[in-house]
2 protein chains.
Amino acid sequence: MSTLPTGVVLSIGEELLEGRVLDTNSQCLSRELLSLGVQVRKCFTLGDVAGDLHSQLEDLRGQVQFVVSSGGLGPTADDRVRAEVSAFLDVPLEPIPEAIAPLRAVWARAHEGEPPDSFLNQAHVPLGATPIRNRVGTAWGFSCDLGQGTHLFCLPGPPQECRSTFFEGGGREELEVLLGGEDFLALGTFHTTGLPESKVEALVHDLMTQEGNPRMGITASPRKVSISVMAWREPGGKSATEVLEGTAAKLRTRLGDLLWGRDGQTLERVVVGELLQRGETVATAESCTGGLLAATLTKVSGASEVFGFGWSTYSNQAKMAQLGVDPTLLERHGAVSQEVAYAMAEGARKASGSTWAISATGIAGPSGGTEGKPVGTVFLGLAGPKGSFSVHRRQFSRAGREGVQLQTVRDCLELLRRELKGLPRLPSV
Amino acid sequence: MSTLPTGVVLSIGEELLEGRVLDTNSQCLSRELLSLGVQVRKCFTLGDVAGDLHSQLEDLRGQVQFVVSSGGLGPTADDRVRAEVSAFLDVPLEPIPEAIAPLRAVWARAHEGEPPDSFLNQAHVPLGATPIRNRVGTAWGFSCDLGQGTHLFCLPGPPQECRSTFFEGGGREELEVLLGGEDFLALGTFHTTGLPESKVEALVHDLMTQEGNPRMGITASPRKVSISVMAWREPGGKSATEVLEGTAAKLRTRLGDLLWGRDGQTLERVVVGELLQRGETVATAESCTGGLLAATLTKVSGASEVFGFGWSTYSNQAKMAQLGVDPTLLERHGAVSQEVAYAMAEGARKASGSTWAISATGIAGPSGGTEGKPVGTVFLGLAGPKGSFSVHRRQFSRAGREGVQLQTVRDCLELLRRELKGLPRLPSV
């Protein structure tokens, strides 16, 4: 790792220090820098205090090769980045010729008269800097050489604009050129669902504790355990990608069908993709998740090919009227029961004519729990061409109402994924 | 502002610098520090490199009154915070007597034999430090005096544990004691929906540009514009709360019924609360939002009192079979039309027997748009005791599929809120 060039990520804005806005740019930029082979040493969040950026740049110049900042490029008085960087470099601000006319047009659409200088300022960069185009907002970014081997990239703060300037406006491209296009590093993240972190870890423990290249980590989120792999070029040997793919092959062998996705893949996309391939459909019948399972499936573009019908049967009346759940089942076992989960799935499959139907009924909390059925008690049902079944899944109630709902949705998707793949069912717990 | 004590927030963990994990602790802690009257000067993210924390503490000692860190307290070799702080203070680590036995019990539940020192380490703090209890995990936090007027709080990194130690474990309480319990500062955020940022800004512009106390800001998220107010104590005059409430009263006058909530309030909670108060119910009939509206309503604990029935009628077949939408409407106007939105709402109200029913049908994208109905074209319907109507709402397609879905859900909630309050309807756009 010691041969990697280094970087620092800056986030600029008083609203970040006041906690009014969550900073997501740092994560995105850190991740991208790393994937380009730049090791991020630190991230800083600065406010809009005059001089803060200047002294930060003093500290960083000569210490790291790359500084990437977001924020502070807008039209208001507290957007000081352009002015501070030109003062730092002791050069004036120069207009970006191609940017001025479009900016005037934006102004004219909403205002009378001439735009103020502060507005046109958004199309200026320090003399000698390379402008970075912003396709989704008015503030251009720029990159420039700070001297002593340090290069600065300044991007706008709104998350969409930060990403657009970096990925589409030329920021990332220039960074690649500066890096000489070498394959320093390759990253992969491998996703599993269905086993707790400790059991996944046990399956790959010996791979993880090996010293050196690649470096591996494991992170758990609700009902999902992911293994991250960072591989780098062996001096005079394998490329970073070869090292990564060697480990990926080992993980596939170790984890088998526990492993369902890689990198940006999601469980809902895997399930929708599998159904698309098979020409099959799925319906949803939700109680405790209230519609979140249907909403999750329909986040996937193209879901309309596999999903036509969903019910949020929050009340008993809805379960009976819409899904044909037998009132005696509700009386005898209660709405939160394995029997009702089974009947909901069956009813949804029948009413929709879908190949599959998934149901969930449970106690999301914070109230509504009893001694026999505490908060986090959830039953899932699956109806399919070869029959139906339902399971009891105890969710971690400590995660709160939304956490219980999220875990339940992940379990529902995993239930169907396993059935589609012919894997053993999720066990009752 | 210059009289406020100052602080720095540290986040510690290689996974943050690698962009594998989004840091939400900094925002939470910054916000809380500010609400206690501590002005956060900077945030830093550090990795797990030995010595980094030590040199950071050197830099900060004597510069700010409070340093609050999260992360680096766990049982693994790269969790260096305890060791680095004791080295910094030149004191040994001491066990927390009450913490050792419970920690051994946690170990014994999952393992054979004695716990390793690294595990028991989680119940140790630098000699003289105040332990901070962790109710949801095994790693205790602590606070200690660094000298030169700087006080350090070290909290665990997992978001739930960070919050639990700070809010319930004694962190916040101790900070309050150190601050002397004075009412330095009061914060409020005021939420509106239905007008774009520029129009909300125009309504309160003169309040915002006043210099001094309180300081105000405006932030826009999909279909929501919020005004934040930071008020502080007038030397020898009003308390911070009095200043804040004075501004709150002005905002209420200026914004009228545009203003629907304050601070942690959400639009869905406002709507559910209003329905609860009136003893009324609502059903949902969703196409392009796929279930997200139902999921949003049922995020609210207690939603079962007002929400019984929801449909995700993603296919035309479902719209006909479940909501009784006339096939000729679908043929003549298409599923994405004002007529079908109207019919979906009517059908859902009838089939559910609810007081109200909301519907949404549109093109969430990225595909499916046409020249006449581009991505972002959405129609909403509302059926109620006094009849039904539907409106055309054009959503910003640049926000992507999920953005269009989210804007549509906010619009649906606002549609109902206005009807419940007897306000003018959301206009077609």
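The model is predicted: local features need pLDDT of at least 70, side-chain atom pairs count only at pLDDT 80 or more, and totals for chains, interfaces and linings use all residues. Residues are numbered from 1 along each chain as its sequence is written, chains are lettered from A in the order in which they are written, and side-chain values use heavy atoms, with hydrogens and water left out.

**Interface**

Chain A puts 66 residues in contact with 65 residues of chain B. Contact means heavy atoms within 4.5 Å. The two chains bury about 5100 Å² between them, and 51% of it is on carbon and sulfur atoms. Buried area here is the accessible area (1.4 Å probe) that two parts lose on being put together, summed over both.

The interface of chain A and chain B holds 2 salt bridges. A salt bridge needs a side-chain nitrogen of Lys or Arg within 4 Å of a carboxyl oxygen of Asp or Glu. A:Glu18 forms a salt bridge with B:Arg215, with the closest N and O atoms 3.0 Å apart. Between chain A and chain B, 26 residue pairs are in polar contact, both residues at pLDDT 80 or more. A polar contact is a pair of N or O atoms within 3.5 Å; within protein, one must be able to donate a hydrogen and the other to accept it, and residues adjacent in sequence count only if both atoms are side-chain atoms.

**Aromatic rings**

Over all chains, the search of the whole structure finds 9 aromatic pairs. Rings of Phe, Tyr and Trp (its six-membered ring) pair if their centres lie within 6.5 Å; planes under 30 degrees apart count as stacked, over 60 as edge-to-face and the rest as tilted. A:Trp107 and A:Phe119 form a tilted pair, 5.0 Å centre to centre with 55° between the planes. A:Trp107 lies in helix H5 (residues 97-110) of chain A and A:Phe119 in helix H6 (residues 117-120) of chain A, so the pair ties together parts 12 residues apart in sequence. Helices (H or I, at least four residues) and strands (E, at least two) are DSSP runs, numbered from the N terminus. Both A:Trp107 and A:Phe119 are buried. Buried means under 20% relative accessible area, exposed over 50%, partly exposed in between (1.4 Å probe, protein chains only).

In chain B, the ring centres of B:Phe166 and B:Phe167 are 5.3 Å apart and the planes stand at 85°, so this pair is edge-to-face. B:Phe166 is buried at 1% relative accessibility, whereas B:Phe167 is partly exposed at 37%.

**A buried leucine**

A:Leu251 is found in helix H10 (residues 240-255) of chain A. Its relative accessible area is 0%, so A:Leu251 is buried. Residues it touches include A:Phe190, A:Met216 and A:Leu259, not counting residues up to four places away in sequence.

**Backbone sites**

Most residues other than glycine have a negative phi, and most peptide bonds are trans.

| Residue | Phi | Relative accessible area |
|---|---|---|
| A:Asp90 | about 60° | A:Asp90: 69%, exposed |
| A:Gln148 | about 55° | A:Gln148: 60%, exposed |

A:Asp90 is in the loop between helix H4 (81-89) and strand S4 (93-95) of chain A. A:Gln148 is in the loop between strand S7 (141-147) and strand S8 (150-155) of chain A.

A cis peptide bond joins A:Gly365 to A:Pro366, with omega about 0°. B:Gly365 and B:Pro366 are also joined by a cis peptide bond, omega about 0°.
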